[in-house]
Amino acid sequence: MKYVNRMPDTRETAEARHSGVPAESGTRARVARLILEHGPITAAALGERLGLTPAAVRRHLDALLADGMIEPRTARPRGQRGRGRPAKLFAITDAGRSAFEHAYDGLAGSALRFLADRLGEEAVADFARSQVSGLVGRLRPGMDEVPADQRVRVLAEALSADGYAASASKAEVGGEQLCQHHCPVAHVAAEFPQLCEAETEAFAQILGTPVQRLATIAHGDGVCTTHVSPPRHRTIDESSKETGR
């Protein structure tokens with residue numbers, strides 16, 4: 001489901017007004033959104049991205065912590081083994097994530113339970129596939145024209161436009177990693193995993209390569225993470241068959 005941003009001022013002030021995240025001219029909403037999309041993240045990184053002083057960042061972080069929108073975490077920098085002070089990170093909480101959601105979870109959950117009771121679990125799966133069919137229809141026809149190393153990025157941009165705050169990066173084990181930092185239907189998907197399963201199937205169809213879901217917000221993870229296998233290179237024999245030679 002897409003976000004709705006009505007903005008006589010800016011996107012940030014609109015988010016602050018509709019999400020319930022407290023704001024000072026929208027800056028606090030920007031801090032919260034940055035943590036949502038890129039967290040866990042350090043205060044220094046927030047300040048650098050937003051052009052804020054350490055004192056200003058701390059003021060907004062303290063307010064968001066007090067409101068239960070974010071939570072602190074610790075992570076020791078890579079390369080250090082038991083030495084030095086662990087880096088302090090900030091991550092969005094369930095309450096913070098919910099503040100950005102405009103989904104009618106209760107109504108959607110009731111509708112899917114009714115569907116499952118009357119027609120069975122397969123009907124829920126069919127509904128889930130129908131929900132992602134639009135994304136497949138928009139992206140799949142033109143994906144063959146996109147360079148293989150850009151396809152996950154294109155998918156991430158489309159998902160972000162639909163409100164999923166997605167990003168693409170290289171995976172350490174090979175292939176790429178697609179991360180969705182926000183899920184408008186997370187609470188419903190926790191009860192109906194068919195929604196996540198259909199989405200994963202859609203990713204494979206769009207990208208034309210196997211994918212594996214590693215983590216989901218619906219199951220309590222901080223980010224929905226999907227590993228995308230490297231595109232399979234066609235052999236000479238396969239190319240010959242396609243060209244009739």
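## Thr225 and its surroundings

In this predicted model, Thr225 touches Gln177, Leu178, Cys179, Gln212, Arg213, Leu214 and Ala215, leaving aside residues up to four places away in sequence; contact means heavy atoms within 4.5 Å. Thr225 belongs to strand β6. Helices (H or I, at least four residues) and strands (E, at least two) are DSSP runs, numbered from the N terminus. With 12% relative accessibility, Thr225 counts as buried. Burial is defined by relative accessible area: under 20% is buried, over 50% is exposed, and values in between are partly exposed (1.4 Å probe, protein chains only).

## Basis of the model and the chain as a whole

Residues are numbered from 1 along each chain as its sequence is written, and side-chain values use heavy atoms, with hydrogens and water left out. Because the model is predicted, local features need pLDDT of at least 70 and side-chain atom pairs count only at pLDDT 80 or more, whereas totals for chains, interfaces and linings use all residues.

The protein chain contains 11 helices and six strands. Of its 245 residues, 41% are buried. Among contacts in the protein chain with a separation of 6 or more, 49% are between residues 24 or more positions apart.

## Packing of α8 against α10

Helix α8 (residues 151-161) packs on helix α10 (residues 194-207) at an angle of about 135°, and their axes are 10 Å apart. The axes are lines fitted to C-alpha atoms, for helices over the stretch in contact, and angles run from 0 to 180 degrees between N-to-C directions. The angle makes α8 oblique to α10; angles under 35 degrees count as roughly parallel, over 145 as roughly antiparallel, 65 to 115 as roughly perpendicular and the rest as oblique. The crossing of α8 and α10 is right-handed, that is, the near helix is turned clockwise from the far one by less than a right angle.

Helix α8 contributes Arg151, Val152, Leu155 and Leu159 to the contact, and α10 contributes Phe203, Ile206 and Leu207. By class, the residues of this contact are six nonpolar, no polar and one charged. Here Ala, Val, Leu, Ile, Met, Phe, Trp, Tyr, Cys and Pro count as nonpolar, Asp, Glu, Lys and Arg as charged, and the others, Gly among them, as polar.

## The buried face of α8

Arg151, Val152, Leu155, Ala156, Ala158 and Leu159 are the buried residues of α8. Viewed down the axis of α8, these residues fall within an arc of 160°, so they line one face of the helix; the arc is that of the directions from the helix axis to the C-beta atoms. An α-helix has 3.6 residues a turn, so residues three or four places apart point the same way. The cover over the buried residues of α8 includes α7 (121-143), β3 (166-170), β4 (176-180), α10 and β6 (224-228).

## Backbone features in loops

Just after α8, Gly163 adopts a positive phi of about 95°. Ala165, in the loop between α8 and β3, has a positive phi of about 45° although it is not a glycine. Ala165 is buried, with a relative accessible area of 9%.

Gly39 and Pro40 are joined by a cis peptide bond, with omega about -5°. Pro40 lies in the loop between α2 (27-38) and α3 (43-50).

## Leu65 in α4

Leu65 is located in helix α4 (residues 54-66) and, at 27% relative accessibility, counts as partly exposed. Leaving aside residues up to four places away in sequence, Leu65 touches Ile70, Glu71, Pro72 and Phe90. Leu65 and Ile92 are 27 residues apart in sequence, with a C-alpha to C-alpha distance of 9.6 Å.
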